[in-house]
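Look over the sequence and the coordinates. The report that follows goes from a central strand pairing out to the sheet, the cores and the chain contact.

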Amino acid sequence: MTLQTPVLEVQDLRTAFVTARGMLQAVDGVSFRLERGQILAIVGESGSGKSVLSRSILGLLPRGAETSATAQVLLNGQDLTRLPERQLRRLRGRRASMIFQDPMTSLNPTLSIGAQIVEVLVFHMGLAKAAARARAAELLRSVGLPEPGLQLDRYPHQLSGGMRQRVAIAIALACEPDLLIADEPTTALDVTVQAEILDLLRREVRERQMSMILITHDMGIVAGHADEVAVMYAGRIVERAPVRPLFAQTRMPYTRALLDSIPQLSAPAHGRLEAIGGRPPDLVEPPPGCSFEPRCRFATARCRADAPPLQGDGVHSFACWHPLR
Amino acid sequence: MPYLMRRLQRLLIVLLVVTFSTFLLVSVLPGDAAYQIGGMDASPEEIEAIREDLGLNSPVILRYLSWVAGLIQGDWGTSLLTGESVWDALVERVPVSMQLMVMAQIMALTLAIPAGIIGAWRPDGPADRALTAVGFACVSMPGFMTAILLIYYVSLHLGWLPATGYEPMSAGLWANLKPMILPALSLALVEWTALMRTLRAEMISTLQENYISLARAKGMGTLRILLVHALRPSGFSTITILGLQVARLLGGAIILEQIFGIPGIGRLLVHAVYTRDLVVIQGCVTFFALTYVAVNFLVDLAYAWLDPRVREARSHG
């Protein structure tokens, strides 16, 4: 079974932005595999490059951003970085789709909900308008919208944030893709709605045998909703492991710090909340050594001079010269 | 309903302010219609008699009020000089100006929409730069210059279209359209640049929106994203400008109507000002104010058509 082609295999992905000060290396040599049916959480602070990574996978970078020529993004074994735009479009929304952070702004305010779902079905599945509408209503029902037939003719502003994110999920699921990339899908939502949306996503992914990349800055939601976790810092993956070992035997000090910054119910009231001191490094002129070194309690001269590679036993890998025990 | 009431209230205020200030302005101008009627050789006594006859001697405010009273009863008055009904004069000329304006704006939009979209698609790209350069060249040239150049090349040199003249619709559609093409084009070439630049600017910011990213993530092509996803939300400023232009063009085509010999309302107004034909001037000005308000109303309706959120807000009062 291990010989099966992974749904997604990313090799040495590097994405840089042209800025006035020089090249900003937002994603700096990221590699990972995602097996069918798995949910991989990519966790990191804002600016760690996790969103750019997700957009690089589908070639959805803004102008001024470039992915290195040596990078490979294999979706079902097919290298997306070598595909011409026309063929890439056939895959976007069909084999791999995305959900964005802010449902208030990710739906077109001037198009009805129905139109926004129907166009995907017409373009990718070649459905006729009427059939596509029926299918769209079905999708809305499956993501938990009441009266799906009526919702089709409504506009985004008439729905709540949670409802809109359900619509976005319906759009993403419309063509039954192999891969779903959810970029902070619940960050803009109320806490109660967050849990509903995450549960919905997990259920849909499991039922449809899809794989999902769940991008988040919130370690708190990782445990219950992902199989594996990759922690990103300054454009690199610094620790990667299945959820349980990551929480049980954290090796990378940065991951530890992220976990410590989750408020604990068991902690005494009005206690001090652990925060990570300092700020992420400048990505235009990154330090030569470990990028977490300036903020790390365990840093030594070696950390300043040499960047640690990501290595491990194939299950749990980390990039640190002085891993925690 | 309160929405319509508010609009109507505003219309009344605009009408009163505009007509009264015009009345006042024309009254303080040296010379009046009596001189025109009496002619150069008329004695002061004769002039005075004509004035008395026309009622020009009563105070401005009384004359204004009696004009308003007439208007309320549907009487737009008669020309001081010819005795012709102002209403008839307007009915005869307004459609001509209206046709010129509509044709000009259709041409301007035909140029501006594709050009604006292309510019927003690749800002500062070669196509955008070229279109912007052409646009600014057009807007820098006064309409009458453009008109003369067009007459020279298209009429005299190529002989494709007549240089002047006007044919009513009854002479046939093409006969009617043919002499209107060059004047409309002269107007359009001045107006399209502002529309293009406005659409371009608004569309550039629309293309940064998250829903455009989502449309790309859905696999939609560039053309579909530009036309279906981005064009509508980018239309607000363009429609506002379009409305302002329409109001201005209706009266502002005076010079072009003159050059191309088109019997529109612009010519009527200029003639009335020369002869101090106050009643005709008032008629024209009232008509302009009405169009201005009507066009703004249409622009408001267009907002609602563009954006469902506006529709909703309005129906809730």
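## A strand and its partners

In which sense do strand β3 (residues 39-43) of chain A and β9(A) pair, and over how many bridges? The two pair in the parallel sense, over five bridges. This is a predicted model. Within that pairing, Leu40(A) stands opposite Ile213(A).

Strand β8 (residues 179-183) of chain A also pairs with β9(A), again in the parallel sense over five bridges. Here Ile181(A) has Ile213(A) as its bridge partner. From β8(A) the chain passes through helix α7 (residues 191-207) of chain A to reach β9(A), and this β-α-β crossover is right-handed. Another bridge joins Leu180(A) to Met212(A) in β9(A).

Is β9(A) mostly covered or mostly open? Mostly covered: six of the six residues in this strand, 211-216, are buried. Ser211(A), Ile213(A) and Ile215(A) point one way. Met212(A), Leu214(A) and Thr216(A) point the other way.

## The sheet

These strands belong to an open sheet of eight strands in chain A. The order is β7-β8-β9-β3-β10-β11-β13-β12, and the pairing is mixed. Strands β7 and β12 (311-312) of chain A form the edges, each pairing on one side only.

Helix α6(A) lies across β7 and β8 of chain A. The helix runs at about 170° to β7(A).

## Nonpolar cores

The largest nonpolar core has 96 residues. Ile117(A), Ala170(A), Val231(A) and Val238(A) touch the most other members. Helix α6 (residues 161-173) of chain A gives the largest share of this core, eight residues. A second, separate core holds 39 residues, including Ala112(B), Leu131(B), Leu242(B) and Val246(B).

What does Val238(A) contact, leaving aside its neighbours within four places in sequence? Its partners are Val231(A), Met232(A), Tyr233(A), Met252(A), Tyr254(A), Phe292(A), Phe318(A) and Ala319(A).

## Where the chains meet

Between the chains, 24 residues of chain A are in contact with 18 residues of chain B. On the side of chain A that touches chain B, α2 (85-91), β7 (96-99) and α3 (113-125) of chain A each supply at least two residues. The most comes from α3(A), with four residues.

How does that side of chain A divide by class? There are 10 nonpolar, eight polar and six charged residues.

Note on methods: Residues numbered from 1 in each chain as written. Chains lettered and ligands numbered in written order. Predicted model: local features only at pLDDT ≥ 70, side-chain atom pairs only at ≥ 80, totals over all residues. Core = buried A, V, L, I, M, F, W, Y, C linked by C-beta atoms within 7 Å. Buried ≥ 20, exposed ≤ 12 C-beta atoms within 10 Å, placed from the backbone. Contact = placed C-beta atoms within 7 Å. Nonpolar A, V, L, I, M, F, W, Y, C, P; charged D, E, K, R; others polar. Pairing = 2+ DSSP bridges. Right-handed = clockwise from strand over helix to strand, strands pointing away. Axes fitted to C-alpha atoms, helices over the stretch in contact; angles between N-to-C directions.
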